[in-house]
Amino acid sequence: QVQLVESGGGLVQAGGSLRLSCAASGSIFRVNAMGWYRQAPGKQRELVTAITNGGSTNYAASVKGRFTISRDNAKNTVYLQMNSLKPEDTAVYYCNAEVVDTRYSKLLYWGKGTLVTVSS
């Protein structure tokens, strides 16, 4: 079994910063791409950013230049540094990861989400 656990959400004023973390644990052989999605009230879940295990990244246009994704492969952990936050960034943020487990099965796992609220 593999688990993803996010942390770091909370309430912040517009213009502020937050750093999210997501750690993968369990029967892991290798973690491939990791990413962050978000879902605002009444909206569909959308991709925010993703990173390969080689460090290649991509970002949604709405967060480019404000958010930075990084990872620590030794800790199977992905981070999301969010700067210059706007009220429209308010959402539940979910991490996901493509994991090859110790039985060499490759599956996509999701965390339970962490709430980010940006006040105006």
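## Aromatic rings and their surroundings

Trp110 is partly exposed, with a relative accessible area of 35%, where buried means under 20%, exposed over 50% and partly exposed in between, using a 1.4 Å probe and protein chains only. The model is predicted, so local features need pLDDT of at least 70 and side-chain atom pairs count only at pLDDT 80 or more, while totals for chains, interfaces and linings use all residues. Residues are numbered from 1 along each chain as its sequence is written, and side-chain values use heavy atoms, with hydrogens and water left out.

A search of the whole structure finds two aromatic pairs, a pair being rings of Phe, Tyr or Trp (its six-membered ring) with centres within 6.5 Å, called stacked if the planes are under 30 degrees apart, edge-to-face if over 60 and tilted for the rest.

| Pair | Distance between ring centres | Angle between planes |
|---|---|---|
| Phe29 and Tyr104 | 5.0 Å | 70°, edge-to-face |
| Tyr37 and Trp110 | 5.0 Å | 65°, edge-to-face |

Tyr37 counts as partly exposed because its relative accessibility is 23%. Phe29, at 45% relative accessibility, is also partly exposed, whereas Tyr104 is exposed at 60%.

The charged end of Arg45 sits over the ring of Trp110, 4.8 Å from its centre, and Arg19 lies over the face of Tyr79, at 4.1 Å from the ring centre; this requires NZ of Lys or CZ of Arg within 6 Å of the ring centre and within 35 degrees of the ring normal.
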